[in-house]
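Here is a short briefing on one protein chain. Keep the sequence and the 3D view open as you read.

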Amino acid sequence: MTITIAPDQVHQIVGNQHQDPFEILGAHPIQDNGKISHWAVRAYLPNAESVSVIVPEQRQEYPMQSVHNPHFFECIIETAELANYQFRIKEGDHERVIYDPYAFRSPKLTDLDIHLFAEGNHHRIYEKLGAHTMEVNGVKGVYFAVWAPNARNVSVLGDFNHWDGRKHQMAKRGNGVWELFIPDIGVGEHYKYEIKNSAGHIYEKSDPYGFQQEPRPKTASIVTDLDTYAWTDQDWMEERRNSDPLTKPISVYECHLGSWLHASASEPAKLPNGDTEPVVIVSELKPGARFLTYRELAEKLIPYVKELGYTHIELLPIAEHPFDGSWGYQVTGYYAPTSRFGTPEDFMYFVDCCHKEGIGVLVDWVPGHFPKDGHGLAFFDGTHLYEHADPRKGEHKEWGTLVFNYNRNEVRNFLVSNVLFWFDKFHIDGIRVDAVASMLYLDYCRKEGEWVTNQYGGRENLEAADFLRQANHLLFSYYPGVLSIAEESTSWPMVSWPTYVGGLGFNLKWNMGWMHDMLDYFSMDPWFRQFHQNNITFSMWYHHSENFMLALSHDEVVHGKSNIIGKMPGDRWQKLANVRCLFTYMFAHPGKKTLFMSMEFGQWSEWNVWGDLEWELLQYEPHQQLKTFMTDLNHLYCSTPELYTQDFGQEGFEWIDCSDNRHSVVSFIRWDKNKEDFVVVVCNFTPQPHSHYRVGVPVHGFYSEVFNSDSGKYGGSNMGNLGGKWADEWWFHSHAYSMDLCLPPLSVLVFKLDKEKTEEARKAWMSQT
């Protein structure tokens with residue numbers, strides 16, 4: 001039987017110009033009288049000198065002939081069935097035996113998958129696109145799939161083919177998805193996609209759906225199996241699913257893993273099996289140091305956060321990013337935990353350990369923009385695929401990044417699936433969505449003429465808003481009890497309202513207005529505060545419009561802004577007292593809480609992404625006292641339901657007096673749900689103490705002073721009320737009872753009715769009368 005392949009077909013394969021190599025390569029049946037009698041087997045194997053086909057079932061080997069090209073081979077095999085054949089390839093003195101990738105039409109990606117992806121509704125598309133280990137017809141290998149609809153050709157590159165794009169050419173399926181199953185490779189393989197546009201220009205890209213990447217500056221993706229880790233947090237996950245986080249205490253320790261603490265480069269990092277992993281040098285600015293691994297951070301960071309009493313750790317973006325100086329906010333690997341600190345399984349271990357210690361894990365998520373790095377999403381298939389083609393919509397010039405095209409179904413699917421992915425595979429408990437305002441406004445940081453209106457002539461990005469609604473709706477549908485927090489700095493309405501009433505669907509929003517008011521107020525000389533009482537009180541005018549989180553974040557301690565303690569006026573004692581006053585007022589004010597690392601012990605210098613926190617300060621008493629204060633404040637907050645169960649309803653807060661601007665004093669009540677339990681909070685925002693300061697209270701009895709930010713144990717002046725005060729029958733502040741208090745300088749006092757002591761006193765009085 002003669003050779004059947006035509007020269008032009010060979011040239012298409014050799015020139016890497018065929019969109020379905022399976023039409024030419026692999027095994028093709030030849031019929032005789034309506035029945036299969038022979039098979040034509042074809043292969044394109046660059047560098048091969050000779051090739052033969054091994055048919056295990058026949059125990060025969062068939063030599064192949066070169067056809068029209070020295071490296072294009074074909075032979076005819078007489079058999080009715082042909083499966084799992086192999087090639088014996090001779091390349092110089094080297095000989096190897098492989099399975100033919102073009103003998104396997106993988107069933108991984110179905111027509112339904114393609115349909116759902118095309119309409120933007122494949123919620124777990126990461127299970128189909130990307131690189132996945134699997135077995136086809138009894139042969140183990142890796143299935144690759146990538147979306148590149150405008151590419152002329154796509155190939156898989158890797159160590160397994162010497163990064164030669166001619167060897168593993170992919171086949172194009174519906175909606176521009178390319179796929180190929182490569183046998184005899186597995187977990188740990190490094191790979192990329194070679195993408196050619198219509199002009200033949202080549203782009204080498206990391207896998208957008210890759211689960212792991214090489215440590216920077218390398219950029220290859222790594223084949224990874226995310227389903228091998230044995231989780232131990234089932235009880236935590238079940239409790240979370242049945243709880244409402246908005247009625248629970250949420251105190252967040254915001255942390256950048258790469259600058260919290262480093263290890264010596266001479267100290268090897270231990271892996272679970274006892275081996276050691278290579279040292280990663282952090283930076284020339286921190287010579288001789290390396291990052292802690294996720295597992296080392298589990299040993300060091302988690303106990304520290306638990307000791308301080310925080311309920312959650314929030315991680316600045318840990319998705320893969322090429323530049324340390326971006327803090328993680330310029331992401332190239334949306335589905336890959338950064339390899340700076342270890343493997344995906346190591347990160348799973350970190351989250352698992354957090355849950356074991358009762359600590360939730362929040363992750364910063366960045367769906368608003370992505371960098372222009374050549375190996376990333378930018379100009380992915382030789383066209384503006386993930387980003388807008390029009391720079392007036394597709395570029396953030398201020399950040400040097402590109403904007404996702406939320407109007408494209410597949411791009412929206414990429415992001416929606418991504419947020420679900422982190423909850424599914426890594427069991428995280430919440431996201432903080434970065435720079436939401438930049439997504440919502442078409443003119444964000446753009447000059448006149450540099451932006452395009454929406455279809456109605458407005459500045460609102462309607463597609464971005466719809467995307468956020470879809471993402472949040474699905475997130476809470478799949479994972480009830482989690483958090484979705486918006487960093488949104490404008491007055492866009494109903495950010496934290498449910499999608500079914502027209503909201504964006506977040507359940508918390510950072511209160512940026514409160515943050516700016518507080519930092520402005522506390523940075524001014526206390527004498528001038530009497531003229532700015534509105535800074536303290538204004539937040540309660542709008543507080544119930546959203547579910548707010550009060551945040552003093554990393555953004556407030558960089559770029560010349562000074563650290564929190566450095567913002568405060570006065571001498572060292574007053575600076576520390578102001579910090580304690582600010583933090584206590586923050587924890588008493590309605591809203592959940594977030595503080596950036598280093599604030600808990602009063603670091604003086606700004607945050608430096610390249611170095612460590614100034615841990616040496618803890619050898620000095622004032623900084624150790626501030627850390628003790630922060631620990632006690634967290635424990636007060638978490639043990640006092642009045643401070644968290646009604647953060648978002650008007651019935652949870654009541655001003656006692658907010659008009660005493662002459663003394664810069666405010667007082668208020670925080671109510672529990674049952675309206676029987678409450679705490680009284682009195683704040684003195686000046687260094688001037690006040691004796692016999694009367695504050696109205698709703699109930700007669702003894703009020704224990706449960707917290708005093710001026711306590712001597714915290715480095716304060718140790719003024720106070722000797723453990724508590726009895727309320728007098730003296731009408732004041734519209735209440736039938738009031739307390740005669742001593743207000744320490746720059747302090748916040750928290751009082752709680754001691755029902756037991758009050759009842760004992762009542763019984764004693766009754767017995768006497």
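How many bridges join strand β7 to strand β8? There are 6, and the two strands run antiparallel. The model is predicted. Start with the whole chain, then move to its parts.

**The whole chain**

- The protein chain holds 17 helices and 41 strands.
- Its C-alpha trace spans about 120 × 60 × 50 Å along the principal axes.
- The chain has 769 residues, and 61% of them count as buried.
- Take the contacts with a separation of 6 or more: 71% of them come from residues 24 or more positions apart.
- The accessible surface is about 30100 Å². Carbon and sulfur atoms make up 50% of that surface.
- The side chains include 66 positive and 101 negative ones. The centres of these two sets lie 1 Å apart.

- Strand β7 covers residues 86-91, and strand β8 covers residues 94-99.
- Ile-89 has Arg-96 in β8 as its bridge partner.
- The hairpin has 2 residues between the strands. Gly-92 in this hairpin takes a positive phi near 65°.

**An open sheet of four strands**

- An open sheet is built from 4 strands in the order β9-β10-β13-β12, with antiparallel pairing.
- The edge strands are β9 (130-136) and β12 (171-172), and each of them pairs on one side only.
- Strand β12 is joined to β13 (residues 177-183) by 2 bridges, and they run antiparallel.
- Lys-172 stands opposite Trp-178 in β13.

**Helix α2 and its cover**

- Which residues of helix α2 (residues 111-118) are buried? They are Asp-113, Ile-114 and Phe-117.
- These three cover an arc of only 95° around the axis, so they sit on the same side of α2.
- The face turned away from that buried side carries the exposed residues Asp-111 and Leu-112.
- The cover over the buried residues of α2 includes β10 (139-147), β13 and α8 (409-426).

- Strand β36 (residues 678-684) is mostly covered, with 7 of its 7 residues buried.
- In a regular strand, side chains alternate between the two faces of the sheet.
- Both faces of β36 are covered. One side has the buried residues Phe-678, Val-680, Val-682 and Asn-684.
- Strand β35 (residues 665-671) is joined to β36 by 7 bridges, and they run antiparallel.
- Arg-670 has Val-679 in β36 as its bridge partner.
- The hairpin of β35 and β36 has 6 residues between the strands. Lys-675 in this hairpin has a positive phi near 65°.
- Strand β41 (residues 747-753) is joined to β36 by 6 bridges, again antiparallel.
- Cys-683 stands opposite Val-748 in β41.

- Glu-57 lies in the loop between β3 (50-55) and β4 (60-63).
- Is Glu-57 buried or exposed? Its relative accessible area is 66%, so Glu-57 is exposed.
- Glu-57 and Leu-82 are 25 residues apart along the chain, and their C-alpha atoms are separated by 8.7 Å.
- Glu-296 is in helix α5 (residues 294-308).
- Glu-296 has a relative accessible area of 11%, so it counts as buried.
- Leaving out residues up to four places away in sequence, Glu-296 touches Pro-268, Ala-269, Arg-290 and Phe-291.

**Backbone exceptions**

- Most residues other than glycine have a negative phi, and most peptide bonds are trans.
- Arg-216 and Pro-217 are joined by a cis peptide bond, with omega about 15°. Pro-217 lies in the loop between β15 (202-205) and β16 (221-222).
- His-692 is not a glycine, yet it has a positive phi of about 55°. His-692 is found in strand β37 (residues 690-697). Its relative accessibility is 65%, so His-692 counts as exposed.
- Leu-746 is another residue other than glycine with a positive phi, near 45°. Leu-746 lies in the loop between β40 (737-743) and β41. Its relative accessible area is 0%, so Leu-746 is buried.

Note on methods. Residues are numbered from 1 along each chain as its sequence is written. This is a predicted model: local features need pLDDT of at least 70, side-chain atom pairs count only at pLDDT 80 or more; totals for chains, interfaces and linings use all residues. Side-chain values use heavy atoms; hydrogens and water are left out. Buried means under 20% relative accessible area, exposed over 50%, partly exposed in between (1.4 Å probe, protein chains only). Contact means heavy atoms within 4.5 Å. Accessible areas come from the Shrake-Rupley method with a 1.4 Å probe; for residues, only the protein chains shown count as cover. Lys and Arg count as positive and Asp and Glu as negative; His and the chain ends are not counted. The place of a charge is taken as NZ of Lys, CZ of Arg, CG of Asp or CD of Glu. Two strands pair if DSSP finds at least two bridges between them. The arc is that of the directions from the helix axis to the C-beta atoms.
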